[in-house]
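Subject: Structure for you to look at

Hi,

Here is the structure I promised to send over.

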Amino acid sequence: MKRAIFLDRDGVINRKGGPYYIYLKEDFVLNEGVTEALKYFMHKGFLLIIITNQGGIAKGVYTEEQMHEVHNFMKELLKKDGIEIAGIYYCPHHPDVSPCECRKPGTLLLEKAIKDFNIDTASSWMIGDSEIDIQAAEKMGIKGVLIPENGNMMELIVKPGLIT
Ligand SMILES: [Mg+2]
Ligand SMILES: [Zn+2]
């Protein structure tokens with residue numbers, strides 16, 4: 001079994017604060033400390049898996065295609081530093097339009113990822129900037145670390161030795 005760091009996307013990997021929904025490459029900016037922290041986690045043998053709510057798709061704000069473009073852009077950016085994202089799981093639904101089981105704090109996306117990669121939940125972590133990230137993780141027996149929106153993962157998690 002493998003261990004993983006599950007990561008929320010908006011506000012954790014990339015900056016949140018300008019446009020509410022990030023679906024254009026121009027609006028996608030990696031948060032400070034992200035590349036260093038992800039490199040550290042990879043070095044420690046964790047798989048990196050993103051679990052993200054993308055309700056703007058259900059609302060018709062952007063398309064799934066646009067989201068994939070942003071994800072490809074993100075993967076290219078991270079690849080420059082040797083970082084590989086093992087998987088990206090997203091919920092395209094929104095409770096106002098299409099209630100579902102996969103939107104966090106629902107656990108369906110985590111369940112899929114755990115199965116796909118044969119993840120040992122007890123030795124895995126979820127990093128999120130919202131209580132719903134942590135709630136979803138804890139339902140699955142994954143330890144959660146809540147950071148402030150756009151918080152520096154390197155300073156807040158790696159340097160204090162929260163995840164080793
Ligand atoms: Mg977030
Ligand atoms: Zn969903």
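K104 counts as buried because its relative accessibility is 4%, where buried means under 20% relative accessible area, exposed over 50% and partly exposed in between, with a 1.4 Å probe and protein chains only. Please keep in mind that this is a predicted model, in which local features need pLDDT of at least 70 and side-chain atom pairs count only at pLDDT 80 or more, while totals for chains, interfaces and linings use all residues. Residues are numbered from 1 along each chain as its sequence is written, chains are lettered from A and ligands numbered from 1 in the order in which they are written, and side-chain values use heavy atoms, with hydrogens and water left out.

Back to K104: this lysine forms a salt bridge with D8, with 2.8 Å between the closest N and O atoms. A salt bridge here is a side-chain nitrogen of Lys or Arg within 4 Å of a carboxyl oxygen of Asp or Glu. K104 sits in the loop between β3 (87-91) and α3 (108-117) and D8 in the loop between β1 and α1, so the pair ties together parts that are 96 residues apart in sequence. Helices (H or I, at least four residues) and strands (E, at least two) are DSSP runs, numbered from the N terminus. D8 is buried too, with a relative accessible area of 8%.

K104 also meets D133 in a salt bridge, again given as 2.8 Å from N to O. D133 belongs to helix α4, so this pair ties together parts that are 29 residues apart in sequence. R9 counts as buried, at 0% relative accessibility.

Now the metals. D8 (OD), D10 (O) and D129 (OD) coordinate the magnesium ion (ligand 1) at 2.0 to 2.3 Å. Donors are N, O and S atoms within 2.8 Å of the metal (3.2 Å for Na, K and Ca), and since water is not among the atoms, sites may look incomplete. The magnesium donors are spaced D-x1-D-x118-D in sequence. D10 is in the loop between β1 (4-7) and α1 (34-43) and D129 in the loop between β4 (125-128) and α4 (131-139), so they tie together parts 119 residues apart in sequence.

The zinc ion (ligand 2) has C91 (SG), H93 (ND1), C100 (SG) and C102 (SG) as its donors, at 2.0 to 2.3 Å. The zinc site is tetrahedral, with angles of 103 to 119° among the four donor atoms; the rule for four donors is that all angles lie between 85 and 135 degrees. C91 is buried at 0% relative accessibility, whereas C100 is partly exposed at 30%.

Finally, the sheet. Five strands form an open, parallel sheet in the order β3-β2-β1-β4-β5; two strands pair if DSSP finds at least two bridges between them. β3 and β5 (143-146) stand at the edges with a single partner strand each, so one side of each is left without a neighbour in the sheet. Three bridges join β1 to β4, and L7 has I127 as its bridge partner in β4.

Enjoy looking through it!

Best wishes

Methods:
Four donors count as tetrahedral if all angles lie between 85 and 135 degrees; four count as square planar and six as octahedral if opposite donors are over 155 degrees apart and all others between 65 and 115; anything else is irregular.
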